[in-house]
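Please have the sequence and the coordinates at hand while reading.

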Amino acid sequence: TNASSGCVAGERKALLKFKETLLDPSNRLSSWNEIIDRDCCAWRGITCSKSTGHVIGLDLGDRGDMFDNDDMARAEWLGDMLPDTLR
C-alpha cells in the first residue's frame with residue numbers, strides 16, 4: 001500500500017493484536033478500530049511514513065494506568081510481527 005491509501009494491512013492487523021494484549025481502562029486506544037477507521041495512520045499514537053504508509057512510530061503516552069509488567073515482552077512481540085524492513 002502507499003500513504004495515499006492509508007496504512008499497511010499487515011501492520012494494522014499487528015497493531016490490533018497488540019491492542020488486545022493491553023489493559024486500556026482510560027480508553028486511550030479507542031481510535032484503534034478498523035470498523036471506524038481502517039487507516040491505522042490516523043489512530044492515536046501512531047506515526048506513519050508519508051511516502052510508504054508504513055508505521056514508523058508508536059507513542060502510547062503515560063504508562064501509569066494502561067500497562068502492566070509484561071509491556072516490554074508485548075512490545076517485543078509486536079516487533080516480531082512487523083516485517084524485517086521496519087525493525
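## The disulfide of C41 and C48

In this predicted model, the torsion about the S-S bond that joins C41 and C48 is about -95°, and the disulfide is therefore left-handed. The sulfur atoms of C41 and C48 are 2.1 Å apart, which falls under the rule that a disulfide is a pair of cysteine sulfur atoms within 2.5 Å.

The two partners fall into separate classes of accessibility. C41 counts as partly exposed because its relative accessibility is 22%, and buried would mean under 20%. C48, with a relative accessible area of 15%, is buried.

## The disulfide of C7 and C40

A disulfide also links C7 and C40, whose sulfur atoms are 2.2 Å apart. The link of C7 and C40 is right-handed, with 140° about the S-S bond. Because C7 lies in the segment before α1 (9–20), while C40 lies in the loop between α1 and β1 (46–48), this pair ties together parts that are 33 residues apart in sequence. Both C7 and C40 are buried.

Taken over the chain, the count comes to 2 disulfides. When the bonded cysteines are counted along the chain, the disulfides follow the pattern 1-2, 3-4.

## Helices and strands

The chain contains 2 helices and 2 strands, and from the N terminus on these elements run in the order α-β-β-α.

For α1, the length can be checked against expectation: at 1.5 Å a residue, its 12 residues should span 16 Å, and since the end C-alpha atoms of α1 are 17 Å apart, the two values agree. The expected span is 1.5 Å times one less than the number of residues in the helix.

## Burial, contacts and surface

What share of the 87 residues in the chain is buried? Buried residues make up 34% of them. The chain exposes about 5500 Å², and carbon and sulfur atoms supply 51% of that area.

Among the contacts in the chain with a separation of 6 or more, 61% are accounted for by residues 24 or more positions apart.

How values were computed. Residues numbered from 1 in each chain as written. Predicted model: local features only at pLDDT ≥ 70, side-chain atom pairs only at ≥ 80, totals over all residues. Heavy atoms only, no water. Helix = DSSP H or I, 4+ residues; strand = E, 2+ residues; numbered from the N terminus. Buried < 20%, exposed > 50% of the residue type's maximum accessible area, 1.4 Å probe, protein only. Contact = heavy atoms within 4.5 Å. Areas by Shrake-Rupley, 256 points an atom, 1.4 Å probe, with all protein chains shown as cover.
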